[in-house]
Amino acid sequence: MAAQVHLRANNCILLPSTSFSVLNSSKDSGENRSVLGLGRSFLGLNDRRILANRRVINKRRNDSSWVITRASAGGAAIWDGFMPEKSSKAPALSDVFWPSAGAFAAMAMLGKIDQILAPKGISMTIAPLGAVCAVLFATPSSPGARKYNMFMAQIGCAAIGVLAFTLLGPGWLARSTALSAAMAFMIYTRSVHPPAASLPLVFIDGAKLHHLNYWYALFPGAAACILLCLIQEMVCYLKENVKF
């Protein structure tokens with residue numbers, strides 16, 4: 001249908017054929033209704049297209065904001081590991097003093113035992129026991145501080161170190177094999193105790209311990225842990241009952 005021209009006050013306005021504007025009076029009412037319906041359909045189609053476009057734009061904005069939010073949250077989660085726990089508060093002075101005093105007492109007692117055993121060439125003080133003190137006194141409720149975990153891991157990992165040294169001798173291969181086997185042993189037996197992982201390395205690199213052979217599985221690690229467990233009980237009691 002050709003475009004219709006409406007003249008008013010010597011001004012010419014060009015309307016599309018599908019418009020529902022004022023129609024020529026010469027048209028009959030049936031044609032008016034038909035054109036009006038076409039105009040409404042045309043506008044309705046345009047409205048639907050506009051709404052669909054808005055939905056697409058909003059969806060893209062939401063997706064981009066979600067990606068940005070997720071990236072920022074991931075970055076924040078990474079950096080949170082370098083900060084203290086937000087929910088934790090500064091410990092009381094007694095909670096700092098008693099674990100520290102327990103560590104001092106443990107090393108002092110082990111040092112005194114070393115003096116007694118020195119003529120026999122035996123030492124009770126080895127580096128992993130420092131880590132054991134930290135686990136037992138500072139985090140007594142952690143899984144690594146459980147008695148089962150401690151003694152099972154201390155005995156098993158020490159024996160693995162002796163076996164690796166016997167089969168492979170000193171060197172990087174024995175150290176790497178012993179450490180991986182110790183990790184597998186702790187995970188399989190559900191006795192993860194982090195300080196015990198260093199026992200194989202201490203034996204392989206410690207020439208003064210080689211004469212103990214498989215006795216190393218019990219001494220000095222497991223034997224010293226008995227003393228540390230007794231001190232842990234005292235530390236926990238004092239932390240609960242003597243606060244300042």
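The following dialogue discusses how to read several features of a predicted model.

Visitor: On what basis are the values given?

Guide: This is a predicted model, in which local features need pLDDT of at least 70 and side-chain atom pairs count only at pLDDT 80 or more, while totals for chains, interfaces and linings use all residues. Residues are numbered from 1 along each chain as its sequence is written, and side-chain values use heavy atoms, with hydrogens and water left out.

Visitor: How many disulfides are there?

Guide: A disulfide is a covalent bond between the sulfur atoms of two cysteines. Here it is counted as a pair of cysteine sulfur atoms within 2.5 Å, and the count comes to zero. Cys-229 is in no disulfide, the nearest cysteine sulfur, that of Cys-225, being 6.4 Å away.

Visitor: Is Cys-229 buried or exposed?

Guide: Buried means under 20% relative accessible area, exposed over 50%, and partly exposed in between (1.4 Å probe, protein chains only). Cys-229 is buried, at 8%, whereas Cys-236 is partly exposed, at 24%.

Visitor: Which residues does a cis peptide bond join?

Guide: Most peptide bonds are trans, and most residues other than glycine have a negative phi. A cis peptide bond joins Phe-219 and Pro-220, with omega about 5°. Pro-220 is in the loop between α6 (199-205) and α7 (221-241); helices are DSSP runs (H or I, at least four residues), numbered from the N terminus.

Visitor: Where does Arg-190 lie?

Guide: Arg-190 lies in the loop between α5 (172-188) and α6. Arg-190 has a positive phi of about 55° although it is not a glycine, and is exposed, at 70% relative accessibility.

How values were computed:
Helix = DSSP H or I, 4+ residues; strand = E, 2+ residues; numbered from the N terminus.
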